[in-house]
Amino acid sequence: MSVALWIIATLAVLGGCLYYRASLLVSSLALVGIFAVGSFFDIVGVVLWVLLAIVLVPLNFTPIRRGVIAKKLLGMYRKVMPEISETEKDAIDAGTTWFEGELFRGAPDWNKLHSIQKAELTAEEQAFLDGPCEEVCKMMDDWQATHELADMSPEVWQYLKDKKFFAMIIKKEFGGLEFSAYAQSRVLQKLAGVSTILASTVGVPNSLGPGELLQHYGTQEQKDHYLPRLANGDEIPCFALTSPEAGSDAGSIPDTGVICKGEWNGEEIVGIRLNFNKRYITLAPVATVLGLAFKLYDPEHLIGSKEELGITAALIPRETKGVEIGRRHFPLNVPFMNGPIKGKDVFVPLSYIIGGEKMAGKGWRMLVECLSVGRAITLPSNSAGGVKSIALATGAYSYIRRQFRLPIGKMEGVQEALARLAGNAYLMDAVTTFSTKGVDLGEKPSVISAIAKYHLTEKLRACMDDAMDVHGGKGICLGPNNYLGRGYQGVPIAITVEGANILTRNLMIYGQGAIRCHPYVLEEMLASAEHGPEALARFDKAIFGHIGFGASNFVRSLVLGLGGYRFSKAPFSDSTKRYYQQMNRFSANLALLSDVAMGVLGGELKRKQRISARLGDMLSYLYIASATLKRFEDQGRQRDDLPLLHWAMQDSLYKLQEAQLSLLDNFGAVGSTMRVVMYPFGRFVKRPSDSLDRKVAKILLQPNASRDRLGEGQFLSADGQFGYLEQTLRDVIAAEALVAKVGKAQNKRLAFMFLDKIAEEGKELGVLNDDDVALLKRTEEGRLRVINVDDFATEDLMAGKAAHEWALENAEAQAKASKKSNAA
C-alpha cells in the first residue's frame with residue numbers, strides 16, 4: 001500500500017465515522033485500526049502513533065478530558081456567553097421542540113415525519129363545520145359590517161354566543177366545545193373565507209386570552225366562576241398586553257401593579273393597585289372581563305421578600321372602579337372590535353391574579369406558553385383560509401372573464417399569478433394542518449408557531465396582490481360584490497399583530513430555534529450557568545457532543561455538496577425522492593452554518609439580525625417543505641395533486657437556497673469559505689418552470705378533484721359570493737358548447753357575450769331546446785354579475801359627520817320644496 005493510498009483510506013475512515021456520527025470510542029478504534037494497517041505496510045511509525053495517542057488518550061480518558069480540556073473550555077465559554085434577560089430565558093424555557101428539532105440536526109428522520117398520525121376531525125367537529133359554521137357564514141354580510149354598521153349584526157353576535165363559537169377551547173366540563181386545535185383551524189379557515197371581521201372575532205377568544213390562561217393556570221374557583229360564563233357567552237373576554245411604550249418588546253411594559261393595603265367591600269385587605277394604559281386590544285370595546293398583563297411590585301414586602309416580582313396576569317371585571325374602556329380603533333376598514341383600555345389607581349384583591357397569589361410574577365412564562373399555541377392556530381389559519389377562497393375565486397373569475405376572445409386564465413401572465421395562488425394555497429393548508437396536529441399531540445411549539453405566523457401572513461400578502469392584479473378593476477372598486485377589497489385592506493393587520501413580522505423573522509424564529517432546536521446549545525448554556533462537579537460533567541458531555549456534531553455536519557455538507565445528496569436516504573422512490581434528498585443537504589448546511597455563526601459571532605449574533613433572519617428562513621422553509629410532503633402522503637399521494645406538490649416544494653426549496661446564498665454573500669471570508677464547501681458546483685435548485693406554472697394554473701380554471709381538495713372546507717354555498725362564482729363557472733363551461741353550436745349553424749365564430757341573444761337566435765335556428773336557452777340566459781346573468789362592479793350615489797359613500805350633515809340639509813331642502821308646493 002502506498003502512502004497516498006493510506007492517507008486517502010484514513011481520511012475516508014475518519015470521514016465515514018463523522019458522516020454517520022459514530023461515537024468517540026468507535027471513531028477512535030477505527031483510527032487505531034487504520035493506523036495498524038499503516039504499520040503493517042511500514043507506513044506508520046512511532047512518531048505517528050505518539051501523535052495519535054496525544055490526541056485520542058485525553059479525549060477518551062474522562063478525568064483528563066473533563067478536568068483539563070472541558071474545564072478550560074467552560075471558562076472560555078462563560079466569558080463569551082451572551083447575557084440573557086429574564087424575559088428571553090422565559091421565552092426559551094417556554095414551549096417544546098417538535099419536528100423542527102429534526103430539521104436542525106443535519107440528518108432528518110423522514111420516517112418520524114410520516115409516522116405522525118394524520119390530523120382528522122371528530123364527527124362532532126365535522127357536524128359543527130357543516131352546521132353552525134355554515135349557517136353563520138350565510139348570515140354574515142361583510143359589506144354591511146364593514147361599510148354600514150362598522151360591526152357584525154346583532155343577530156350574528158348572538159348566534160356566535162348561542163352556538164359557543166367563543167368556547168371552542170373550553171373543556172366540556174365547563175360547558176365548552178373542547179375542540180382540537182385542528183378543528184379550530186378548520187373553523188377559522190372557513191370563516192376567514194367569508195369575513196376577516198368574523199374570523200378575527202372568533203379567533204381571539206380561542207387564542208391568547210382569559211379562557212386559555214384560566215384552563216392552564218387558573219385556580220379552581222376562577223375556573224368554576226369564569227369558564228361556564230365564557231362558554232355561554234355571558235362574558236366576553238379580551239387580553240390587554242400591548243402598551244403605547246411596549247409593543248413587540250412586551251417585556252418592557254410600563255404598566256404597574258403595586259401590592260398594598262386597601263379597602264375592598266368595606267374591609268381592609270392586601271391587594272394590588274393597578275395603573276395601566278393599553279391599546280390595540282381586540283374585543284376591548286365589548287369585553288366584560290379584561291385579562292391584564294402588568295409588572296408587579298411589593299415594596300412593603302407584604303407577600304414575600306422580593307420587591308420586583310415581574311410580569312403578572314390578572315382578570316379584571318369591566319365594571320371595576322377606575323377601569324376605563326376607551327373608544328374604538330379603526331383598523332384599515334376592517335372594523336373588528338378593537339380599542340384602548342386605561343386604569344388609574346384600580347384596586348383589586350390578590351385573588352384576581354390568574355392562578356392566585358402563587359402565580360404572582362409568573363405571567364410572562366404563562367403568556368409565552370399560551371401564545372406559542374395560539375400563534376400556531378389563529379393567524380396562520382385565517383391566512384390559509386383566505387388564500388384558499390381567493391385562489392378558487394380567482395381561478396373561476398379567470399375562466400369567466402374574457403379578453404381577446406379567450407378566458408384571461410389562458411394568458412401566460414395570468415397563469416403565473418394563478419400558479420402562485422394555487423401552490424401557496426396547497427402549501428399553507430399543509431402548514432396549518434401539520435402545526436395544529438403538533439398542538440393536539442401536546443406540543444407547545446414556540447418555534448413552529450413563529451414560522452407559521454410569519455410565513456403564512458406574508459404569503460397572504462403576496463397572494464392578495466396576485467388576486468388583485470388578476471381581477472383588475474373588479475378588485476379595486478369596493479362594494480357588496482367585491483370579495484377581495486376588504487381582505488386586501490386588512491392584510492397588514494395580520495402582518496402586524498401577535499408579534500410584528502419584522503421582529504418575528506429577524507429575532508424570534510432563529511433566536512428561539514437555534515437554542516431550542518440545537519441538540520447541544522441549550523444544555524451548554526444551562527451547564528455554564530451552574531457551578532460544581534455536576535456542572536462540569538454536564539458541560540463536558542454537551543461541548544464534546546457539540547464538537548462532534550459540528551465536525552459531522554462539515555463532512556456531511558462537503559459530501560452532500562459534491563453530489564452525495566443524490567444517494568442520501570429518502571422514504572420514497574417516486575418523483576418526491578429528490579426533495580427529501582435536497583432537504584438532507586440543506587439540513588446539514590443549516591446545522592453547520594448555525595455552529596459557524598455562533599462560533600464566529602458569539603453574543604454579536606443577537607445583533608446581526610439579517611444573518612439571524614436568513615438562518616431562520618432556512619429553518620422555516622425546511623419546516624414548510626416537510627409539512628407539504630406530509631400533506632401529500634396523508635392525502636393518499638394523489639397523482640393529480642403532483643403539480644401542486646411540485647410547485648410548492650420547488651418554490652420553497654428555491655427560496656431556501658436563495659436565503660442561504662444571501663447569508664453566505666454577506667458573511668465575509670467565512671461565507672466565501674462556506675460557499676466553496678456547500679456550493680462547489682453552484683446552485684442546484686431551480687424555481688418552478690413555466691410549464692409547471694401552466695399545469696398548476698389549469699387546476700384552478702375548471703372543476704376537478706384536485707381543485708376540490710384545494711378548497712376543502714371553505715364556504716361555497718350558493719348563498720355566498722364564492723358559491724355563486726363556482727356555479728357560474730360550471731354554467732360558463734356548459735354554455736361554451738351551446739355557443740359553438742349556434743355559431744356553427746350561423747357559419748361564424750361568436751364572441752362569448754350577449755348569451756341571452758345567442759339563446760334566442762339558437763332557438764329560432766332550431767339548434768337549441770328550452771333547457772339550452774334557460775342555461776344560456778342564466779349564464780349571461782351570472783357572467784355579468786361576476787364581471788360588473790358596484791356604483792353608488794355620492795351620499796351613500798358619506799360617513800360620520802358628513803353623512804349626518806347631508807341628511808339634515810336634504811331633509812331641510814325637501815321641507816322647503818314641500819312648503820313651496822303646498823303654497824302653490
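Entry, strands. I looked up E3 and found 9 bridges joining it to strand E7 (residues 338-349), the two running antiparallel. I took two strands as paired if DSSP finds at least two bridges between them. Strands (E, at least two residues) and helices (H or I, at least four) are DSSP runs, numbered from the N terminus. In this pairing Arg273 stands opposite Phe347 in E7.

Entry, basis. The model is predicted, and local features need pLDDT of at least 70, side-chain atom pairs count only at pLDDT 80 or more, and totals for chains, interfaces and linings use all residues. Residues are numbered from 1 along each chain as its sequence is written, and side-chain values use heavy atoms, with hydrogens and water left out.

Entry, hairpin. Strand E2 (residues 256-264) is joined to strand E3 (residues 267-282) by 9 bridges, again antiparallel. Gly257 stands opposite Leu274 in E3. The hairpin of E2 and E3 has 2 residues between the strands, and Asn265 takes a positive phi near 55°.

I noted a volume of about 800 Å³ for the second largest pocket. A pocket is an open set of points on a 1 Å grid over the protein atoms alone, where a 1.4 Å probe fits, with protein on both sides within 12 Å along at least five of seven lines; lining residues have an atom within 4 Å of a point. The volume is the space filled by probe spheres set on the points, which are joined across faces, edges and corners. Of its 27 lining residues, Leu18, Leu24, Ser27, Phe544 and Gly548 are the closest to the centre. H22 gives the largest share of the lining, 9 residues.
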